[in-house]
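I opened this notebook page to look up the charged side-chain pairs. The entries follow in the order in which I checked them.

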Amino acid sequence: MESTLHRAIIHVDMDAFYASVELLDDPTLAGKPVIVGGLGPRGVVATANYEARVYGVHSALPMARARKLCPQACYIRPRLARYREKSAEVFAIFREFTPLVEGLSLDEAFLDVSSSLKLFGSQRDIAVQIKQQIHAETGLTASVGLAHNKFLAKLASDAQKPDGLVWVKPAEVQRFLDPMPISRLWGIGKRTAPKLKALGILTVGQLRHADISVIRPALGNRSEHFQRLSRGEDDREVTPSRPDKSISHEVTFDTDLAEREELLAELQRQAEQVSQRLRARQLMARTVVVKIRDPAFHTVTRSRSMRACSDSTQTLYRMARALFESWRESHHNTPVRLLGMGVSGLEEAAAGGHDEGDSVDSAGEQNLDQVVDSINQKFGDRKMTHALTLRRKK
């Protein structure tokens, strides 16, 4: 524990990231409630800006509920390709200050800047530089938390949103933590919090002072863990993000879908998105996975490996289609609630099959993918697509 006090950890959390990117691209949204997410009856909120949050709208809220709470909001379908583009810009800034960057999602990361202090100044100096550079280069704002461990840094980044900066120094830990509700501790959720409240434990400070025998019936064998958190103790290191182990895409339909051609069209669209992400990251995949969920919430996952790696849209689609057709043979006209496809067994493109004699992709397919990628990069995502995807009804 003593050695962790000398660490300099920063947690960066972009402010209402998806909604902020939409505002950046469309300034007419300024000052209006903006809600990004699935727009159908089964959709959920991905991000709401702060103008929408005052109405009680938050991420993971059913979209139908959001529309009742804030009917005047601007509702926007997510544009993940655009968000990944802006995320890459932000993460490039992080790596200018330290190679120890642990990404948690597109819009947040831990940075260990302990070895960067002599080069860039104090921990606070570095945090200010990161915030300023993000705003100058991307037009977006971020909230940052500073501490000597990950747990405190993450809590600090959420303390003064948006555009906040909070530094929890070792001598200030209990003053920062003690007043917080127990629900702010990782792992204490809707089931555990009521048990603690029944014991009269409402705040982190009360949990810290509680006798371990009192809280054990509520927290079980994690009692000591939560008391360590209540003291602000966390010895986890910042682990630089590892390469993707898999890439996938899935969709929950607004209404259950039974028509075979539409389902195959959706599968083709997903194969396009997954393969484009593979090629953008110079990766190839050996295994294709298809995920299917019916109206009764029965979920089936099927996979198949190829004799050589591939990043070809059509190769991946053919594999996914074969897996889907195999499922459909035994389920006939069963409607589909959710359909997804993904790939795993990823390797760097240089180690794949394109330059070897056993490539599963034809030269024509490789050339076509290059043309499609070039056009979409130049003129925008989805400007060029395979004809089959057009059979998917909107």
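With which residue does R269 form a salt bridge? I found that R269 pairs with E266, the closest N and O atoms being 2.6 Å apart, where a salt bridge is a side-chain nitrogen of Lys or Arg within 4 Å of a carboxyl oxygen of Asp or Glu.

I noted that this is a predicted model, in which local features need pLDDT of at least 70 and side-chain atom pairs count only at pLDDT 80 or more, while totals for chains, interfaces and linings use all residues. Residues are numbered from 1 along each chain as its sequence is written, and side-chain values use heavy atoms, with hydrogens and water left out.

I located R269 and E266 three residues apart in helix α13 (residues 260-280), so about one helical turn separates them; helices (H or I, at least four residues) and strands (E, at least two) are DSSP runs, numbered from the N terminus. R269 is buried at 16% relative accessible area, and E266 is buried at 2%, where buried means under 20%, exposed over 50% and partly exposed in between (1.4 Å probe, protein chains only).

I then looked up K150, which forms a salt bridge with E102 at 2.8 Å between the closest N and O atoms. This pair links distant parts of the chain, 48 residues apart, with K150 in helix α7 (residues 150-157) and E102 in strand β5 (residues 101-105). K150 counts as buried at 4% relative accessibility, and E102 is buried at 15%.

Last, I checked R260 and E261, whose side chains meet in a salt bridge of 2.9 Å, N to O. R260 is partly exposed at 29%, and E261 is partly exposed at 26%.

For the total, I recorded 23 salt bridges in the structure.
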